[in-house]
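Dear colleague,

Please find below the structure that I am handing over to you. My notes on what was found in it follow directly after.

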Amino acid sequence: MQEQYRTVAREGVHETEINRSRFICALAPAATEREAQDFVAHVRRVHPTATHNCFAYVIGADAAVQKASDDGEPGGTAGVPMLQMLLRRDVRYAVAVVTRYYGGVKLGAGGLIRAYGGAVGEALDALGTVTRQRFRLATVTVDHQRAGKVENDLRATGREVRDVRYGESVTIEIGLPDSEVDAFRAWLADITAGTALLELGGEAYGDA
């Protein structure tokens, strides 16, 4: 699995004009291919009279799913440069749709490639990206007497506290980079006099 990846910070739209043609790039995070396809369909509904609604999306931290569409533009001049821009910026779990309203001036193949790839690049700059880091999910079980201090120390050191549950004892779910598991185990034993239990679970991605 990838240690980390970048994705779009938020859904949004950025518009640019080139030789009287309007290029409107809509970007959104997408957790699944279905989400990406739904977003493309949504943008097409918003711009039913556009000359073209070209798209590209990358799903998976390892970019396992990649799709691009020229939507009537000459082959390879729209969707592919859009996809290449996402990949070049290491953007994953994201979908881009560039809507073009033709302004009467032909751009040529090179001009189209620069326009569509550039529209995605400018939109990424305008909306921003966030880095997601791979974590090991872990559960800390500790007695009520020590739980408050453990939770406070976890938050103070910037640990990602995902959940806290109170029962006979207190369980705190956290995310840990694999490289820090051993050091964390030693730290936990030290501040709880060896009374806390650490259980490691599966993997997930969270904010870096």
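Leu 137 stands opposite Gly 175, a residue of strand β9. In this predicted model, local features need pLDDT of at least 70 and side-chain atom pairs count only at pLDDT 80 or more, whereas totals for chains, interfaces and linings use all residues. Residues are numbered from 1 along each chain as its sequence is written, and side-chain values use heavy atoms, with hydrogens and water left out.

Strand β7 and its partners

Strand β9 (residues 170-176) runs antiparallel to β7, and 7 bridges join the two. Strands here are DSSP runs of E with at least two residues, helices are runs of H or I with at least four residues, and both are numbered from the N terminus. Two strands pair if DSSP finds at least two bridges between them. In general, strands of a sheet pair through backbone hydrogen bonds, either parallel or antiparallel.

Strand β7 (residues 129-142) also pairs in the antiparallel sense with β1 (residues 4-8), over 5 bridges; Thr 7 is found opposite Val 130 there. A further 9 bridges connect β7 with the antiparallel strand β10 (residues 197-207), where Leu 198 faces Val 140.

Domains

The domain assignment divides the chain into domain 1 (4-127) and domain 2 (132-207); such bounds come from an automatic or database assignment. The centres of the two domains, taken over C-alpha atoms, are 40 Å apart. Residues 20-124 are 39% helix and 29% strand, while residues 140-194 are 44% helix and 31% strand.

Which strands stand at the edges of the open sheet? The sheet has 5 strands in the order β2-β3-β6-β4-β5, with antiparallel pairing. Strands β2 (12-18) and β5 are at the edges with a single partner each, so one side of each has no neighbour in the sheet. Neighbouring strands are turned by 15 degrees against each other on average, direction ignored. Within the sheet, β3 (residues 21-29) and β6 (residues 94-101) run antiparallel and are joined by 8 bridges; Arg 22 has Tyr 101 of β6 as its bridge partner.

Helix α1 (residues 33-46) packs on this sheet, touching β3, β4 (52-59), β5 and β6, and its direction makes about 165 degrees with that of β4. Axes are lines fitted to C-alpha atoms, for helices over the stretch in contact, and angles run from 0 to 180 degrees between N-to-C directions. Helix α2 lies across β4, β5 and β6, at about 35 degrees to β4.

Val 8 belongs to strand β1 and is buried, with a relative accessible area of 2%. Buried means under 20% relative accessible area, exposed over 50%, and partly exposed in between (1.4 Å probe, protein chains only). Beyond four places in sequence, the contacts of Val 8 (heavy atoms within 4.5 Å) include Leu 27, Val 91, Leu 124 and Val 130.

Thr 77 lies in the loop between β5 (65-69) and α2 (79-88) and is also buried, at 3%. Leaving out residues up to four places away in sequence, Thr 77 touches Asp 70, Ala 109, Leu 112, Ile 113 and Tyr 116.

Yours sincerely
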